Every structure is written in C-alpha cells, then in structure tokens.
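Please look over the model shown below together with its sequence.

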Amino acid sequence: MRILLLCSSFNGLSQRAWLELRRSGHDVSVELAVSEQVMLEAVALAKPDLVICPFLKEKVPSRLWQSHRTIIIHPGPPGDRGPSSLDWAILDGEREWGVTALQAVEEMDAGPIWGFRTFPLPDEPVRKSALYNGAVADAAVELVVEVAAKAGDPAFSPAPLDYRRPEVRGRLRRAMRNDDRQLSWEEPTEAILRRVRAADGSPGGRAVLGEQPVRVFDTYRGPALGGEPGTIAARREGAVLVNTGDASVWVGHLRLERPGAVKLPSAMVLGERVSQLDERSGYSEITYDRSESVGVVSFDFYNGAMSTDQCRRLAAALKYAVAQDTRVLVVRGGETFSNGIHLNVIEAARHPELEAWMNINAINQVCREIVTCTSQLVVTSVGGNAGAGGVMMGLGADRVLMREPVVLNPHYRTMGLFGSELWTYSLPKRVGAETARRLTQEALPIGAAEAAGLGLADHVLAGSRLEFERQVLDYAERLAAGGDYARLLAAKAEAREADDARKPLSAYRAEELAEMSRDMFDDRSGFRAARQAFVHKGKPSATPEHLAAHRDLESHM
C-alpha cells in the first residue's frame, strides 16, 4: 500500500515505523505536521491508501480524516485519553500500560480501536524517555505493521471505543500541569524519583536548588546522609548529590527556569555553588568490569551526548582497559549508545565554536583507542540507538553486535557538519566507498537488520536489553576461548599495520578536521543554525529536505 506517516517530528519511533513498513513492502512517505495546510497538501501529493500518525501532537484536520483512513498511535491502553499518558502512568505507579492504535475522529483519542498491546511496568519508576523509546516504541511498531495488514483486509472493521468492554481500562486524563511536576526535597527519595522520571526528558521536574528555580532531570538513588533536605552534599562527574527527606538523590542534569536556558550537567548549571564540594563515589557514567578473559568498559551518557570532559574520561577508561591482560574488550553503550558531540554543552559555552572543536578532538581520541587496540579483540555492544559520530565510534571494533530494535543515523549532513570520528577510515572499510557516500549523503535512518546486511553490524541479537547484554558477554567469552583467537589477533595486527602503511590514521584525522574547521569556524554549511534549532527545540517550518526528496522520489516510482 501507499502509506503516509504524519509526524510532529521524525523521532526514533517514527523512524522505526518507517523502516518496518518499508521492510513489509509498503511505499512509505513522511511529512511533518507543521500546519493544517501542509498536512492536507501532503495527502494530496502522496495519495495514500492509509495515513498513520506514530507521533503526532497536533489535531488531525477533519478534512483529512474524513477523506482518508487515519490511524493514531496513542501511548496508552484502550480507553486512555489525553496528552500526558506516560507522565500519569509513571507518576501514579501503574503496574501495566499499553499502546493503542485508533482511528482519528473529531474527539481526540476517542475513535474506533484497530489494535492494542499491553506490557508490565517495573516497580522502580522508569524514566519517561526510556519507557517511550523502549516498551512503548516496541509495541507501537508492532501495531503499525498490524494496522497496515488490517487496512489491506476488506473484512476488517475496527471496534468502537466502549468502556463496558473488559480490555478498555483507561480513562480520560487532563494534561499534566506545572503544579503536578513540583517537587519538594523534603519528600522521600522514591517520590522525587517518580516525579522527575515522569517528566524526563521533557519538561522536567520543578524545584528550587541552590536558591535557583530549576527543572530537574536524570535522577538516581543516593545514600542516606542525614543532611538538611535540599542541601547539595557532593558532586561527581557533572552530577550533584542532594539531600532528600529520607536519604539523597543524584541529579545528573538541570535547566534554569529562564528563557533561553538549556539542559546541562548539574555542576555546570550550579557553577561556583558546587565547585568547592568534595567528589563522592556512588555515581559513575563510566565503569570497568572484567572476568579472567573479558574486560567491559560501560558508558551511559544522558541522551547519548558526549561532552569534551566525558570523551576524555572515556578515552582514559579505554586506555586503562587496553592495558589489562584480558583477551577481549567489550565497549558497551547505554540506553542510547551515542549521538556524538554534546550540542547543549557546546551551545552554552562562552565560545561555542572553540568548545565544538575541543569536543570533536576529544571524541576522536575515543575512536582512536578503539581502532588502534591490537593487544585484544574489541567488541562493540550497541544496545541503543546511535547517530552521527556515535555510529562511527562503534565501527572501529573488530565485531559490532547490535540489538534488534536499534536505529542508526550514520550521517552528519543534517547538522551542517562533514563529520570526524575517523569515519572516512572506518565506514568505507566496513561498507565500501560507494555505500559510505550514499549513507552519509542520503541522511536516512537504517535499522539493525539493514545495518547487518550492509556490514555496519556483524550480528543482530533479539531479546530484552538485559538479555542482549548477556548474549554479548557470552559471545565475547567464546571469542576469547576460541581456538582461532591467536590467528584473529595476529591478523588484526597485520591488517592495522598494512592500513597504516597505506595511509596512517593521523592523515584521516587531519583531513576530517580540516573539513570540520570550515564547518565549525566558518559555518559553511549552517552548523550554527542547525545546532541552535536542535538545542532550543525549534519547530521546523517544513519537512526537512532529505525526507522531502525521498518522498518525492517515492511518489514518482
């Protein structure tokens, strides 16, 4: 079928829906819902058999849903209605949640039901962004494929919303207000975690910290300290430790409540107020664990953004791991594997261009540690989505293992950058020069299965996040114990030496940085405007050129 995806933004869920529908054989185009007129024009251009809205904040125009079957993917179980579904589910401690596919009608979220999925929620309050990108996205993508199949069945008829039916357990809830997000440091840690995580990553919990009104993000349990609630007791790797009513909580990120402020590591926001505080253990973005033969460097950076400081710490951790007597090194990313340099920290710097330059040089060192490790075999564990330099960072390993739902965006063009991270070496080495050019110029997402077919991944593994990580460790242990380990390691060293003889890594790096200097300092391709639009959540005025071009190509096929 011809399917039009209408989206508020082409986010991770929308990208997965686009990929899965295409993999199912449908012709799929994308349009951003920037206005009612644009939505109507998109339908006139695409002439779709079906319109699906995987992520839509705007109301569907009545002229659209009256003339075309239009399906809304709502992040709540049958009967749930309202714009703050996930926020309420986390704050209220729901034990089960779901996703519903429903047909657009005049009353929002009240249309006939095409299908639904339910799933359990953990006892520990989950971060809203993690829930959305995890269980919600998994269920939503299944539903999108199911909806497309049902739309092709003339015998199918959706079920009217009927609150008397046992599966319709949701209800209409109002939009969450600022007062609902207000937290007091005198509350128990559990209550603070739940309130913040119900608002993470947007708009954040509301509080006063260091005598400043702030939005609070990225929180973790801390130890029982016995101090005055609201007192900042310590700091660690950009986070601060705040006393609560019964213990303490680590706060990783804050945003000042003032126009133009951006979300940043808490210690950066609080500045001099915390600069003299002691560093305290108990919180770490980077860890190293090992067995007899396998070492694991794990890193989990909020939203996958890697600042200059974070890159330097990760490079140091990799250097330490490479020096150990293990046989295999696993480089394991977090909820988001990596999205490359930290645009928020860059934008907030006194000299953004200089900060961007330091950041790209620091992440290049991380990539170099991975590529040049010849004393061990290196396995990259990609359990979460990756973009731009974050994709390239993982490619320097000997083996890339990827979790099935992962989406990669292996391009820099939409941010106005040529890119570095040794991509001109590692990407063509895996996929060939022509495919490397296509991936970076088309600027379209690719799924894990396609990544494996292209050579970006060596193995794609199914299962939950924990199951995936267990499979990666098992793979690494087998690799370390394998009878051909010595041969593989020797071949790796030989290939690295031959590659360097043809063209040293420093030459690739120099060429990339020459291009990046023009992007960062001369702003030849619009990096400044693209960065500011990303950081300040600027609303696009039109569907991005690379998506529109693909849409126009599909319409003529």
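This is a predicted model: local features need pLDDT of at least 70, side-chain atom pairs count only at pLDDT 80 or more; totals for chains, interfaces and linings use all residues.

In strand β19, N409 is the residue that stands opposite G387. Residues are numbered from 1 along each chain as its sequence is written, and side-chain values use heavy atoms, with hydrogens and water left out.

Strand β17 and strand β19 (residues 407–409) run parallel and are joined by 2 bridges; two strands count as paired if DSSP finds at least two bridges between them. Helices (H or I, at least four residues) and strands (E, at least two) are DSSP runs, numbered from the N terminus. The open sheet to which these strands belong has 3 strands in the order β17-β19-β20, with mixed pairing. Its edge strands are β17 (386–387) and β20 (446–447), each of which pairs on one side only.

A second open sheet holds 6 strands in the order β2-β1-β3-β4-β5-β6, and its pairing is also mixed. Here the edges are formed by β2 (27–32) and β6 (113–120), each pairing on one side only. Neighbouring strands of this sheet are turned by 20° against each other on average, direction ignored; axes are lines fitted to C-alpha atoms, for helices over the stretch in contact, and angles run from 0 to 180 degrees between N-to-C directions. Within the sheet, β4 (residues 70–74) and β5 (residues 96–103) pair in the antiparallel sense over 4 bridges, and I71 stands opposite Q103 of β5. As a general point, strands of a sheet pair through backbone hydrogen bonds, either parallel or antiparallel.

Helix α1 (residues 12–23) lies across β1 (2–7), β2 and β3 (50–55), and runs at about 175° to β1. Helix α1 also lies across β19 and β20, running at about 105° to β19. Helix α5 (residues 128–151), for its part, lies across β1, β3, β4, β5 and β6, at about 150° to β6.

Strand β18 (residues 399–403) is mostly covered, since 4 of its 5 residues are buried; buried means under 20% relative accessible area, exposed over 50%, and partly exposed in between (1.4 Å probe, protein chains only). The pairings of β18 are set out below.

Helix α17 (residues 505–520) has 16 residues and reaches 22 Å from its first C-alpha to its last, close to the 22 Å expected at 1.5 Å a residue; the expected span is 1.5 Å times one less than the number of residues. Its buried residues are L505, Y508, E512, L513, M516, D519 and M520. These residues lie on the same side of α17 because they cover an arc of only 120° around the axis, the arc being that of the directions from the helix axis to the C-beta atoms. They pack against α10 (352–371), α12 (423–431), α16 (485–502) and α18 (527–535).

In helix α18, F527, A530, R531 and V535 are buried. Their arc around the axis is only 125°, so they too sit on the same side of α18. What covers them includes α9 (343–348), α10 and α17. R531 counts as buried because its relative accessibility is 2%. Leaving aside neighbours within four places in sequence, R531 is in contact with L343, I346, E347, P352, E353 and M415. K537 follows α18 and has a positive phi, near 55°.

How many disulfides does the structure hold? The structure holds 0 disulfides, a disulfide being a pair of cysteine sulfur atoms within 2.5 Å. The sulfur of C7 has its closest cysteine sulfur in C53, at 7.7 Å, which is too far for a bond, and C7 counts as buried at 0% relative accessibility. For C367, the closest cysteine sulfur is that of C311, at 8.3 Å, again too far for a bond, and C367 is buried with a relative accessible area of 2%.

Definitions and conventions
Contact means heavy atoms within 4.5 Å.
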